[in-house]
Amino acid sequence: MKNKIFLGLYIIFAASCAKKNDSKMVENLQPPVAKIIPKILKKHGDKRTDNYYWLNDRENPEVIDYLNKENDYYNQMTAHTKDFQKDLFAEMKGRIKEDDASVPYFFNEYFYITRYETGQDYPIYSRKKGSLSAKEAILFNCNEWAKGHSFFQLGGFSISPDNKWATFGTDIVGRRIYTIQAKNLETGAILSDKIENTTGSSVWANDNKTIFYTRQDKVTLRSDKVYKHIIGTDSKNDVLVFDETDDTFNVDISKSKSRKYLIIESSSTLTTESRILEADNPNGEFRIFQKRVRGMEYSISHYNDAFYIRTNIDKAENFKLMKTPENATSKSNWKDLIAHRKDVLLEDFEIFKDYLVVEERANGLHKIQIRPWSGKGDYYLPFESETYTAFTTSNVDFDTDILRYSYQSMATPSSVIDFNMKTKAKEIKKEQEVLGGKFDKKNYTEERVWATAGDGTKIPMSVVYRNGLKKNGKNPVLLYAYGSYGASMDAYFSSTRLSLLDRGFVYVIAHIRGGEELGRHWYEDGKLLHKKNTFTDFIDCSKFLIAKKYTSSEHLYAEGGSAGGLLMGAVVNMAPELYNGVIAQVPFVDVVTTMLDDSIPLTTGEYDEWGNPNKKEYYDYMKSYSPYDNVKAQDYPNMYVSTGLHDSQVQYWEPAKWVAKLRVMKTDKKLLFLDTNMDAGHGGASGRFEALKELAKEFSFLLDLEGIKK
């Protein structure tokens, strides 16, 4: 007995020593230091020295070695959180219904369904003919396709008008470069012909044998060409239909909901030009709908003998809806249908046989208007919450009274709703299930609050937290924002977010300028030579949350990805004292160098967003906020930076160089991690649940800083 007691004490003592030794090892662990190879970059008489330019070469073994050393450092420094990460992963996964399915939608004689099976990471796409009780036909089981690949993505599929063929795109690297193939849906056979280097999607002509697709430039990955392909033939014989030679434009092809027209759209950030061709005549010539005019944007939809156009012409900053005969499409023939409104942004529209559905945004909130073609009885769908999101979803059927839309809020799970536009009856087809038996939306409080920016502008924020919160300055707050490209970051529900809320976190979305939440001017005031408004808005929102005692700088955390990662890089340079920790996902931080390199994917198409640094005015302005160029000798917050080796949008070397420079410049001893997914791209890991592991890393980083261990 004494021996057993002694043995037990020895184990406890040994474990205690091991923990102390592990702690000392972590304390003594030194981060990797990238070697310095100065490269002088000159422009407009200005010189910049980039000590880490050499990291741009992913084929260099030393680059891979450095990234692996950073990963090793991150893993060793966070080894004490690995069990917690596993628990968080299991917790988040446990809220998700594994054997789940989408609400079926009906199109051209078939119901289409996306579903998941228990234990499987990828979706299964299927259809049923005529009735939901009919036998299921599997179109694509992505779990089978993903076997043997660390990354897999189905880029989309398109069904021929006679329902006998499907074309589909696959990406097994993560750079969003897809290979298109065709599948015979009657025999299940996949044709041997492959179309490489595409954007993944394709469109059928009405002859059931001709498809149109877009290809990318092999270097810049810009979508610049439209090709025509005959199913069953060698892709080497494909016909070039359209070549977009302006390197600031991207090209796409689609089919009108009426199924009458094929539509090629060339677009830059500020300008649009469309071409149309009857889908019954695939060998015909596309004709220009309306010639491009710089600054003029438009999108088109066909109905009966007319086209309907959402456009910003005639100084319609918030867009308006116009109509033109299908045989007279130049703008001189366009007539107002819904006039421009200064306080209402016209975001989109949907055409049905008997109704026009208009999606709007006023005071930052969504509105859906139903307008019968008869001209009588226009009305809006009623929404009551102040932090909700509502938008139309799969409305591919033209001859129906049913509008399908989605609704959610910060505390309300997403619902798919069928609304009868004639009777006004509403049917909730599905509400997102939150498993585990612990979730009740009544346990959470939602708020909409407004911060005041330095120039007097009111900035809205959507807030959610668990009931009973005391605003005493001691609560951990995670503040998220994006603020670019006119992309609105709306209030949305997240079951994974509950892992933070239920541990005392407040979650806040800052609707800063650069998005489009409050109308087009909101976007214009956060781009080009006004870009710094995006950063100062975020800082002012942070100060508001501190002033109103939601939190304090000791407990405030910031998060953003991609262009939102640029936001993170800018604010930690400008106001690092406000934050205890920052998460920067695939951050765009080396703005000047990237925007000067037109061989980097997507660069030239970004000039209308950030400016062209070949012009000195934009060069100087970019340099004044570019996170990488403005790293300085000061204290920085704790930081977790993530990237993907195969990222095609923000190249891995931007965050890698940024972290390398921060390591030698910052004056504090706080955490700085670079975590590179060596198998993924901009969107992170593929698979339904693999992404939760990345989220568990982020959550454990925050919770560990707060001293929350379980």
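Good morning. I begin with Arg275, which stands opposite Ile288 in strand β17. Please bear in mind that the model is predicted.

The pair belongs to two strands of a sheet. Strand β16, residues 272–278, pairs with β17 in the antiparallel sense, over three bridges. The sheet as a whole is open and has four strands, in the order β14-β15-β16-β17, with antiparallel pairing. At its edges stand β14, residues 250–255, and β17, residues 287–290; each has a single partner strand, so one side of each is left without a neighbour in the sheet. On average, neighbouring strands here are turned by 30 degrees against each other, direction ignored.

I now turn to two helices. The axes of α7 and of α8, the latter covering residues 563–574, come within 9 Å and cross at roughly 65 degrees. Because of that angle, α7 counts as roughly perpendicular to α8. The crossing of α7 and α8 is right-handed.

Which residues meet at this contact? From α7 they are Thr534, Phe535, Thr536, Phe538 and Ile539, and from α8 they are Leu566, Leu567, Met568, Ala570, Val571 and Met574.

Finally, one more residue of α7, the helix of residues 532–547, is Ser542. Is Ser542 buried or exposed? Its relative accessible area is 0%, and therefore Ser542 is buried, the cut-off being under 20%. Leaving aside neighbours within four places in sequence, Ser542 is in contact with Leu479, Leu556, Leu578 and Tyr579.

Thank you for your attention.

Definitions and conventions. Residues numbered from 1 in each chain as written. Predicted model: local features only at pLDDT ≥ 70, side-chain atom pairs only at ≥ 80, totals over all residues. Heavy atoms only, no water. Buried < 20%, exposed > 50% of the residue type's maximum accessible area, 1.4 Å probe, protein only. Contact = heavy atoms within 4.5 Å. Pairing = 2+ DSSP bridges. Axes fitted to C-alpha atoms, helices over the stretch in contact; angles between N-to-C directions. Parallel < 35°, antiparallel > 145°, perpendicular 65-115°, else oblique. Left-handed = near helix turned anticlockwise from the far one by under 90°.
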